Every structure is written in C-alpha cells, then in structure tokens.
Amino acid sequence: MPSDTPILSLDNLSKTFTVRPIFGCASVVDALRNVSLDLLPGRALALVGESGSGKSTVGKMIVGVHSPTSGRILFEGQDITAMTSKADQMRYRQAVQMVFQDPFSALNPAHTIRHHLLRALALHQPETDPDAALRSILEDVELDPVSTPDKFPHELSGGQRQRVNFARALAVKARLIVADEPTSMLDVSIRKSVLGLMQRLKSEYGLSILYITHDIATAEYLAEDTAVMFRGQVVEKGPTSEVVGNPQHGYTKLLRAAVPDPALRLTGGDAGFAAQAKAVRETSAHPVSALREIRPGHFIAEHVVPAHA
Amino acid sequence: MSDLLRTFLRNRKAAIGLTIVLIYVAIAIFAPLIAPFDPVARVGRPHQAPSAEHWLGTTRMGRDVFSQLIWGTRTSLMVGIGAGLIVTAIGTAIGITAAYFGGWIDDALNFLTNVVLVLPQLPLLLVLAAFLGQVGPWAIALIIGLTSWAWGARVTRAQAMSLKTRDFIQASAMIGEPTWRMILVEMLPNLLSIIGFNFIGSVIFTIITEATLEFLGLGSPLATSWGTMLYNAQTASAIMVGAWWEVLAPCAAIVLIGIGLSLMNFGVDEIANPRMRTLGNVAKALRIEKRLTRQRMQEASQ
Amino acid sequence: MSALLSVKDLRIDYLTSGEPFTAVRDISFEIQPNEILGLAGESGCGKSTVAYALMRLHKPPALVRNGHILFEGRDVLSFGDKELRAWRWSEVSMMFQSAMNSLSPVMTIFRQFYDMLRAHGTVTKAQAQERTAQLLEMVGIPADRMHAHPHQLSGGMRQRVALALALTLKPKLIIMDEPTTALDVVVQREILQEVLRLKDELGFSVLFITHDIALMAQISDRIGIMREGQIVEIGTASQIVTAPTHDYTRSLWDAMPLLAQRPEGMAHAV
C-alpha cells in the first residue's frame, strides 16, 4: 500500500575513494557528492546517468558493498550503518536484493537453476513447500517451470538468466530491489519484456525498485520518478513525466536529445550537438549549490559558477 | 558427471593417459595374481638376464625383477596417490581460504605458503629422513605431502580470487549463505578442474620424489617399491656389471606412469577450459579453409 | 554505379563435435560507394560472423563454406596471403565493439599508428608522427594524447582512436561491429556524427552492425534485417522504419523501448 514514508532514503550521501599507490601520491575520487533521494514503497525510481556518474556506487552502497563517507542511508526510517546485530543485518539482506548487470556472472555456472532458487527458498521461506514455491516463482517470472529448473545457466538466454535473477529476489521475499543496469547487456529487442516483468512485479507484489540505468528512454516504462546524475551529483529529479518529458537541466536535455530516435536523421554537418555536450559537461561538473524546486516535486540543480569564468 | 567423463574421453590424449593409469591400478590391485614369484624370495641365480622364466631377469640377490616390479607398483602407486591427496587437500584448503577471506588471513597464509615454497625441499626431506632413520613408504608419503603443497595453494588461490570477483559470489552472500557453504558449495565446484589438475600433477611429483628418496637410501629396505629397486640396483652396481634390466624396469615404470598422468592432464584442461574443447574443430576448420582457398585461387586465376 | 562490395550466396559454418552449425545461410547483399548499410539483428543471428568474414578475420572453427565476396569485382575469398594483407586496412578496415579489441594495451597510441603505417609501406618516424597527429585531430583528439596508453583514455576517446586507426590508410569501406554499444548515449551520438562528417569529407562506405535498430535508422541509407543466418528484409532506412514488410522486422520495432512522445513502433516520417 503506497504511503508517504519513503522505504529508502538517501540523506546527503557522499562517498570518496582514495587510491593510494605504493609509489606516487594518493588520488582522491569524489564518487558521490551530497546525493539525496527518496524511494516510496511500491514505486520505482529511475537513477539515470552515464558511466562515472556515480549511479552504480549508489547501488553498491545500498547493498552494503561500500560504506558512506558522510551522509546516511535510511531503510524504512532506520540508518543501515546502525544495524550492527547479526539479526538486523540478515533482515536487511533479505529485504534488499540486487539484480546485477551481467545476468551470466550473477549465476553460479556449476549449479542448476533449481539449486539457485531452492537455496534462496531454504534460507528465507523454510516453511513453504519448496517444489510448489519453485513452480510458482518461475511462473511469476514467465519461465517454464518444467524445463527451467534442471538447466544450467549457460543453457539459458540472457533474458532468461535475468528472469532467474529476479526470481531469486522473489524467493528471498525482498521488498526493495536494486536493479543495476539490468537490461544493458541484453539485446534491445528483449529489454521491453524484462522491463515489463519488473513493472508487473512492482504492481503485483508491491516491490520497490531502484532502477539504475544509462538509458533514459527506458525510465518511463517502469519508474514513476526519475533522478539524473552527473559526476556524482544529482542534477535533476522529480516525476518521470516531467524529468523525461520536459527536462529543465542542461544535462538532462542533452541525454534526452541523444536517445536514438528513428524519426531523427543524423547528419555530419551538425556540429551543434558536440558543442552543446561540451558546454553542458563543463557547467554540470561544478558543485551543486542548491536544488531548486521549479514545480511540485521537480527539482533541478544550480551549479556554483567559478569566479573567473 | 558422466557428461564430464565423456568430454574427458573425447580427447584422445586423455583417453590414452587414463588407459595407462588404469592398467597400473589394475596391476597394483591384482599384484598377488599377476606376480609369478614372491618379490623378496631368492628364486633364481643372481643377475640372470631376462629369460622365459624370469621375464625381467633377476637381481643380485636372485630375486625376480618382474615380480618386484608388480608388487612395487602397489606400493609406489599407493604412496603417490596418498601423498598427492595430502598435497591437494592442504593446498586447496589454504588456497581457497586465503582467497575467500582476504585481509590478514590472506597475508598470513601467503606468508606460510611462500616459506614452504622456498624451502629447499629435497635437502629438507633428506634431513628429515636421515633424522627419522629409515622410514617406511607411508612415512615418506606424509613427509612429501606436508612439504609439497605450496605451489598448488598458490595456483588455487589465484583461481579462487578470480572466481570471487564474479557477481554470483556476492549474490550468494546477499541471500545470506553461511561462509562454509559459500566455500564448499558455491566456490569449490568451480575449482574442480584446477584441483584435478593439481592432483594429477602432485601424484607425478610424489611418485618421482618417493623414488628419489628411496634411491638415496632413505626408504625401508623391507619395502618393495620402484625406488627401493633402484637403490638395490645401485648398491649392487647393476649398471657396471651389465645387469641393465635391474635399472631399466623401475625407470620405465616411473616414466610410463608419468606419461600417463600427464596425458590425463590434457583432458582435465579441456574440461576446465571450454574453449580448449574446440581445438580439434579448429584444426579441422583450418584444413578445410586452406583447401577451399586454394580452390578459389585456382578458379580466380583461370 | 557498380557496387563497391557484392556478397553472393555466402555460407559460413561453425564446426562442432556434432553437426556443423550454419551461422550464415547463403546471404547476398551489396554496398554502394559512399553508402551506409546497416545490418541489424539479435544476438546470434550471424551479423558479426558476416562482418569478420568480409575481411577474412573469422576464426576457426568458423569456415566460409561457399559464396563470393566481391570487392570492386575481385573475390576476397580467392586472395592469397600477400594480396590479403595488402588489401586489408588499405581498402577495407574495421572498428570493433570494444576499443580494447582493436588497441593493444601495452603500446602507446602513436605506436599503434606507426606499426600500421610501417606494415603497409615505408615511413619515417617523423612522417608517422605527422600523420598520427593529423588523424587524431580529425577525430577530435588533441595530438599530444598520442603518447598515452589506451587505458589512460576514456571509453569514448578510445573509440575515436579506433576510428582514426580505421581511417589511416583511407579505406573505401569501414566495417563497424557494434562500435558504440559499450558507450553512453551522448558519446554515442558524438562519435556517430563524427563518422558522418568524415564520410562526407573523405568519402567511404560503412557497414554498420548493431542490434539497436533505432540507432541504425538514424544514420543508415539502407538497412538489412538478419535473423538466424538469413537476411529477412532489406530496404531503405525510411521504408524499414515506416513500412516494414516482414513480420520479424515488425516484431523488432514493437519490442523497442522508445520514448513515449512518439506512437509506439512504427509510422515515423523520416
């Protein structure tokens, strides 16, 4: 049931990676700078950005691979770094699952699909009948419950493997799925069907989804809200219809314009796009001074303009 | 499993290797039925050349070389495989543990591995054996096992580390698998080929090392193995008196099983690396393509 | 105008331990001078196999069983080793999906150009440096980057270097196998516009291979749709977008996630 309390809340989250080689100076990478986002229960938030934008780092921090340099990650109101007891951690693990970008790498090549799913069921739904649960979960992700269980990962197509990954999250009875570029390694022609699956899981199971992607065009298939990131900062966020339909920040406009549109023929003579890209990248790299609410719920970043510019 | 076996046997080298090794195993098992004589009994004149009665001749003590060889197979094989198992077990356990846990556990185990790796093994074995006096084959198996695992540990660790970067390890951790299951159920099956490879390599190594130690006189004179046969041949100055059969037999036995085991490793490699499986097809495709290109060149020049 | 490249009844098999698998089944198509032909299809349809075979870069157990690849009338499949090496890169070149497939990680950028120039004729180091600088500037990379190693450049810059490498000997045809799939949309747009600009300036044809038909429709003159080793439909970009005749093509359009601003799938005026 949708409520107003976010299931996941990032509060001024920052992450700095320090690379300290044995010889030479340490280099510091600001992967995330003051990122604040909210994800409401039963909804999906698309986190859009190019490589290096920090979107994957956000995902990794939510599942606990990295810890914040500053700021908080709140799950159902609780700071996840404060979850120190084994029981708490186990509960968080169960509630928040990740679906990885490479569907093949996320499955153990030595084991059948049955093994993968039965393990998840055994650990999180020990009371239910495993065979019935297995059948029902495979049906939920639109895989054949008769032939799939005994197959090995290399015997499935990319799309099928990704469905198994979602099935595993269902078996664990997760409430929040962090989907890190779940379709970018799949053919364009099957992305829509996987997105459709995610949409169904969201509406039928009330799953919340953080959909991390570089393809802004797919956001509207799944996410009610969209946030756009560039170089570790959120540059625009709000309802998808507004952020994608009527982008206000320069970078979002650039992303939107770059989406392949069969109706738009490219010509070599148009140098405008490249110039626009260069200008936008320069401006957007500067630290965000404020997030201006231009319409209810729709925020865009204002950047610090260096004095000498 | 049967799938793996079929892939393994499809490789001709592996099939030949397996056949050789199985013959040895059969000899070892059926030794009492095959050997015509008691290996330690004096049954003929000293240093008799190979004849109808004594297929591989006799030693200086008049013992039948062929029977010794047959019985020796049993000892040498058991020691080799036994030590191989110890080497593989220790190496695998240390390698996987170091890779999975990382951090200070990795550092500590790496240190241990490096120390054992750089120990001059043969001198150490000699000192140990000299210290313990003349030791039986099982003691030798244990000594070799405890000192030869380092290289296997290194290799296993490297493989396990690359495995750890795969997402499925993180995915298993995320659904809450306990650590022991992660290592034994999720990682280990993916390491079977490197473990198999290590095991076969260890067996070759231990058989040779055992023979070496015994040849140097550190084995028990009461045991019959290829190594003790060589030792006896040496003390009897077999080569000098022209009794080549006494030396050739155990040497050939060691060389042949070495070949057999090495050939088997080719098969393991194929199972491990699916790309290797296509090698036969690669060669075939190249041949056909060359022929077709020649045809096309001829047609074009006409 | 006679075709620059004419592929006739090309059949490519993969030898397996069982029956050979026919990856490309007797396909035929042409590429005209200064034309961009797009070859689209899902993974495993054989489009990459075709791309590699055109330059005879296909690796065994792949085998060109039958057919002709006529480049300006000469059958590439009948070239001897010497002829092939002279023809490759100077008449036809290739851009691969991952720049790390075309760039050696241990050599500087300059070295990669220098090696190629030397392989196709004598050239002094100074001449090579001049030419490299020229080529890098042509694709929008500052010339001083030629002394960097590939890993020091971003993904987009690496692909630009790969493009420059492909253009070094002024080929008449460039084969691009999913050249922008690993890049984000903005960089993808920039690189493709670069390709179009250079095509207008220098004059070459492109065989553009991808599974993203929306992207392909933006730059191709003609598009061929491949499925399971066969070309099921081939026509102008405009026709493939607005009025595809084959069911498979229609199903591909239906499966594309396009921005909702446009009606789903078809009926775009180009």
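**Chain folds, interfaces and helix packing in the predicted model**

Chain A contains 9 helices and 12 strands. The model is a predicted one. Chain A has 309 residues, and a compact globule with that number would have a radius of gyration near 19 Å. The value for chain A is 21 Å, which agrees. The C-alpha trace of chain A spans about 70 × 50 × 50 Å along its principal axes. Of the 309 residues in chain A, 45% are buried. Contacts in chain A were also sorted by sequence separation. Among those between residues at least 6 apart in sequence, 66% join residues at least 24 apart.

Chain B has 15 helices and 0 strands. Chain B has a radius of gyration of 24 Å, whereas a compact globule of 302 residues would have one near 19 Å. Along the principal axes, the C-alpha atoms of chain B fill a box of roughly 70 × 70 × 35 Å. Buried residues account for 43% of the 302 residues of chain B. For contacts in chain B between residues at least 6 apart in sequence, 72% join residues at least 24 apart.

The contact with chain B takes 19 residues from chain A and 11 residues from chain B. On the side of chain A that touches chain B, the elements giving two or more residues are helix H2 (86–95), strand E6 (96–99) and H3 of chain A. By class, this side of chain A has 11 nonpolar, 4 polar and 4 charged residues.

At the contact of chain A with chain C, 31 residues of chain A meet 33 residues of chain C. Three helices of chain A, namely H6 (188–205), H8 (250–258) and H9 (272–285), each supply at least two residues to the side that touches chain C. H6(A) gives the most to this side, with 6 residues. The side of chain A that touches chain C divides into 17 nonpolar, 6 polar and 8 charged residues.

Two packed helices are described by the angle between their axes and the distance between the axes.

In chain A, the pair is helix H3 (residues 113–124) and helix H5 (residues 158–171). Their axes come within 8 Å and cross at roughly 20°. H3(A) and H5(A) are therefore roughly parallel to each other, since angles under 35 degrees count as such. The crossing of H3(A) past H5(A) is right-handed. H3(A) contributes Ile113(A), His116(A), Leu117(A), Ala120(A), Leu121(A) and His124(A) to the contact. H5(A) contributes Val164(A), Ala167(A), Arg168(A) and Ala171(A). The residues of this contact of H3(A) with H5(A) comprise 7 nonpolar, 2 polar and 1 charged.

In chain B, helix H11 (residues 192–215) packs with H12(B) at an angle of about 30°. The axes of H11(B) and H12(B) are 7 Å apart. That angle makes H11(B) roughly parallel to H12(B). The crossing of H11(B) and H12(B) is right-handed. From H11(B), the contact draws on Glu210(B), Ala211(B), Leu213(B), Glu214(B) and Phe215(B). From H12(B), it draws on Trp226(B), Gly227(B), Thr228(B), Leu230(B), Tyr231(B) and Gln234(B). The contact of H11(B) with H12(B) has 6 nonpolar, 3 polar and 2 charged residues.

Helix H12 (residues 226–235) of chain B has 8 of its 10 residues buried, so it is largely enclosed by the rest of the structure. The buried residues in H12(B) are Trp226(B), Gly227(B), Thr228(B), Met229(B), Leu230(B), Tyr231(B), Asn232(B) and Ala233(B). Ser237(B) follows H12(B) and has a positive phi, near 50°.

In chain C, Gly203(C) lies in the loop between helix H7 (185–202) and strand E8 (205–210). Gly203(C) has 11 C-beta neighbours inside 10 Å and so counts as exposed. The cut-off for exposure is 12 or fewer. Gly203(C) and Ile12(C) are separated by 191 residues in sequence. In space, the C-alpha atoms of Gly203(C) and Ile12(C) are 30 Å apart.

Conventions
Residues are numbered from 1 along each chain as its sequence is written. Chains are lettered from A and ligands numbered from 1 in the order in which they are written. This is a predicted model: local features need pLDDT of at least 70, side-chain atom pairs count only at pLDDT 80 or more; totals for chains, interfaces and linings use all residues. Axes are lines fitted to C-alpha atoms, for helices over the stretch in contact, and angles run from 0 to 180 degrees between N-to-C directions. Helices (H or I, at least four residues) and strands (E, at least two) are DSSP runs, numbered from the N terminus. Angles under 35 degrees count as roughly parallel, over 145 as roughly antiparallel, 65 to 115 as roughly perpendicular and the rest as oblique. A crossing is left-handed if the near helix is turned anticlockwise from the far one by less than a right angle, and right-handed if clockwise. Two residues are in contact if their C-beta atoms, placed from the backbone, lie within 7 Å. Ala, Val, Leu, Ile, Met, Phe, Trp, Tyr, Cys and Pro count as nonpolar, Asp, Glu, Lys and Arg as charged, and the others, Gly among them, as polar. A residue is buried if 20 or more other C-beta atoms lie within 10 Å of its own, exposed if 12 or fewer, and partly exposed in between; C-beta atoms are placed from the backbone. The radius of gyration is taken over C-alpha atoms; the globule rule is 2.2 Å times the number of residues to the power 0.38.
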